[in-house]
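Hello,

Here is the structure we talked about. Please open it next to this email and follow along.

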Amino acid sequence: MTVSIIRFGGSNCDRDAERALEHLDIDAEIVWHEDGLPEDPSGIMLPGGFSYGDYLRAGAMAARSPIMEAVREAAADGVPVLGVCNGAQIGCESGLTEGAFTTNESARFQCEHVYLRVERDDTPWTAAYEEGDVIEIPIAHGEGRYEVDDDRLAELEDEDRVLFRYCDENGETGPDTNPNGSKHNVAGVLGDRETVAVLMPHPERVTLPDVGPTDGQGVLQGFESA
C-alpha cells in the first residue's frame, strides 16, 4: 500500500511521518494539497504542523482546501485516514470526526512526553496494543484541548469511539494527568468508521528506534490493519 501524506502550507511533520512509515515498510508519498489526491489512495495521513499559520482556528483553513473533499470521499469508501496534531485539528474542522481542538487550558504551547491509555484494542489504530495498555508519546501543541458538547461526548463514549486518554504511568486519569484540559482526558477519537481517527500526540516521533522509544509504531501500523 502507499499512504498519501497531505502537505499544506505550514505542514512541518510530513517528512517525519514519511520516514516513520517507511521504517515500518509502509510505502508513503508526500502530496501537495493543490495537486489533488492520487487516484485510489490506499491510505491518507494528515500530518502535524501549523497549516496556514493557524489563522482563524488551527486547521480551519486547510480543512477548506479542495483536497479535503476528496479525503472525505475516500474515508467514506473505507480508505484509512489518520490525522495527527494539526492533522487532527484539520480532521475535526473538516467533519471527519466529532468535536474540535482549541487553546490549551494553560494558554501556552506545550512540548513534552505524556502517557496515553489505550481505550480499546479492536480498531486498526490500536490492534497492536491491549486495552488498558499505557504508552508514552510526545505532544507539541498550543491548541490541543479536545472539546465537544457533553451530550455528544456521552454518545461518543457509549459508541466506544474514544481511542486514547491522557493518564499517568499507571493508567489512572484525572485533572493532574491531563496536559491540556481536554474533556474527559480525550487524546484521540474515531470518526464514523473505525478506519478514520485523529489524535493530538505524535506517534511518528516515537517510531524510529535510533532516536528513542517506539511506542507509536502500533498507531501507524493501523494503515496495514485497516
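Which residue in S7 is the bridge partner of Glu112? The partner is Ile139. Keep in mind that this is a predicted model.

Strands first. S6 (residues 110–118) and S7 (residues 134–141) pair in the antiparallel sense, over eight bridges. S6 also pairs with S9 (residues 162–167), again antiparallel, over four bridges. There, Arg117 of S6 has Arg165 as its bridge partner in S9.

Arg165 lies in strand S9 and Glu119 in the loop between S6 and S7, so the pair ties together parts that are 46 residues apart in sequence. Arg165 is buried, at 12% relative accessible area. Glu119 is buried too, at 18%.

Now helix H1, residues 14–23. Asp14, Ala17, Ala20 and Leu21 are buried there. Viewed down the axis of H1, the buried residues fall within an arc of 130°, so they line one face of the helix. Their cover includes strands S1 (2–7), S2 (27–32) and S3 (43–46), as well as helices H5 (217–220) and H6 (222–225). Asp25 follows H1 and has a positive phi, near 65°.

The side chains of Arg19 and Asp210 meet at 3.4 Å, N to O. Arg19 is in H1 and Asp210 is in the loop between S11 and H5, so this pair ties together parts 191 residues apart in sequence. Arg19 is partly exposed, at 47% relative accessibility. Asp210 is exposed, at 58%.

Pro209 is in the loop between S11 (196–199) and H5. Leaving aside neighbours within four places in sequence, Pro209 contacts His23, Thr214 and Gln217. Pro209 and His23 are 186 residues apart in sequence, yet 9.5 Å apart in space, C-alpha to C-alpha.

More on charges. The whole structure has 17 salt bridges. One of them joins Arg161 and Asp192, with the closest N and O atoms 3.5 Å apart. Arg161 is buried, at 8% relative accessibility, whereas Asp192 is exposed, at 72%. Salt bridges that share partners join Glu98, Arg152, Glu155, Glu159, Arg161 and Asp192 into one network.

Last, the surface. Tyr55, Leu56 and Met61 form a nonpolar patch with about 380 Å² of accessible area together. Leu56 is in the loop between S3 and helix H2 (67–76). Leu56 is exposed, at 73% relative accessibility.

Best wishes

Notes:
Residues numbered from 1 in each chain as written. Predicted model: local features only at pLDDT ≥ 70, side-chain atom pairs only at ≥ 80, totals over all residues. Heavy atoms only, no water. Buried < 20%, exposed > 50% of the residue type's maximum accessible area, 1.4 Å probe, protein only. Helix = DSSP H or I, 4+ residues; strand = E, 2+ residues; numbered from the N terminus. Arc of directions from axis to C-beta. Contact = heavy atoms within 4.5 Å. Pairing = 2+ DSSP bridges. Patch = residues over 30% accessible without salt bridge, like charges linked within 9 Å, V, L, I, M, F, W, Y side chains within 5 Å. Areas by Shrake-Rupley, 256 points an atom, 1.4 Å probe, with all protein chains shown as cover. Salt bridge = Lys/Arg side-chain N within 4 Å of Asp/Glu carboxyl O.
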